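Subject: Structure for your review

Dear colleague,

Please find below the sequence and structure that I am handing over to you. A summary of the findings follows.

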Amino acid sequence: MDNLNSGLIRPFGTVFTALHALLDGLVILLALHLAVLISGRQMEAGVFSLAAAWAFLLLSAYGNMAGLYASWRTHSFTSVI
């Protein structure tokens with residue numbers, strides 16, 4: 001019964017946070033790939049990987065500082081708007 005009081009999703013909060021960060025990384029890879037395709041330039045695999053890694057690290061660092069991956073349940077709806 002204790003699990004019903006804590007909610008069904010709360011025990012998996014860290015999993016959802018990790019999935020959110022992984023999805024952000026995949027979006028970065030897709031955006032970088034599309035930018036290379038649209039520009040018509042060739043990019044070496046090492047340079048592509050380095051650019052993607054830096055972009056992901058910067059987003060993760062800034063996202064953690066800005067509270068991007070914080071639980072949405074910690075703030076009231078009115079304080080967010």
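**Packing of helix α3**

The buried residues of α3 pack against α2, which covers residues 13-39. Please note that this is a predicted model.

As to the overall layout, the chain holds four helices and zero strands, and from the N terminus its elements follow the order α-α-α-α. Of its 81 residues, 14% are buried. The chain exposes about 6,900 Å², and carbon and sulfur atoms account for 71% of that area.

Helix α3 comprises the 22 residues 45-66. At 1.5 Å a residue, α3 should span 32 Å, and this agrees with the 31 Å that separates its end C-alpha atoms.

Which residues of α3 are buried? They are F48, A52, S60 and G63. These residues lie on the same side of α3, because they cover an arc of only 90 degrees around the axis. The other side of α3 carries exposed residues, namely G46, L50, W54, L57, L58, Y62 and M65. After α3 comes G67, which has a positive phi, near 80 degrees.

Yours sincerely,
A colleague

Terms used:
Residues are numbered from 1 along each chain as its sequence is written. This is a predicted model: local features need pLDDT of at least 70, side-chain atom pairs count only at pLDDT 80 or more; totals for chains, interfaces and linings use all residues. Side-chain values use heavy atoms; hydrogens and water are left out. Helices (H or I, at least four residues) and strands (E, at least two) are DSSP runs, numbered from the N terminus. The expected span of a helix is 1.5 Å times one less than its number of residues. Buried means under 20% relative accessible area, exposed over 50%, partly exposed in between (1.4 Å probe, protein chains only). The arc is that of the directions from the helix axis to the C-beta atoms. Contact means heavy atoms within 4.5 Å. Accessible areas come from the Shrake-Rupley method with a 1.4 Å probe; for residues, only the protein chains shown count as cover.
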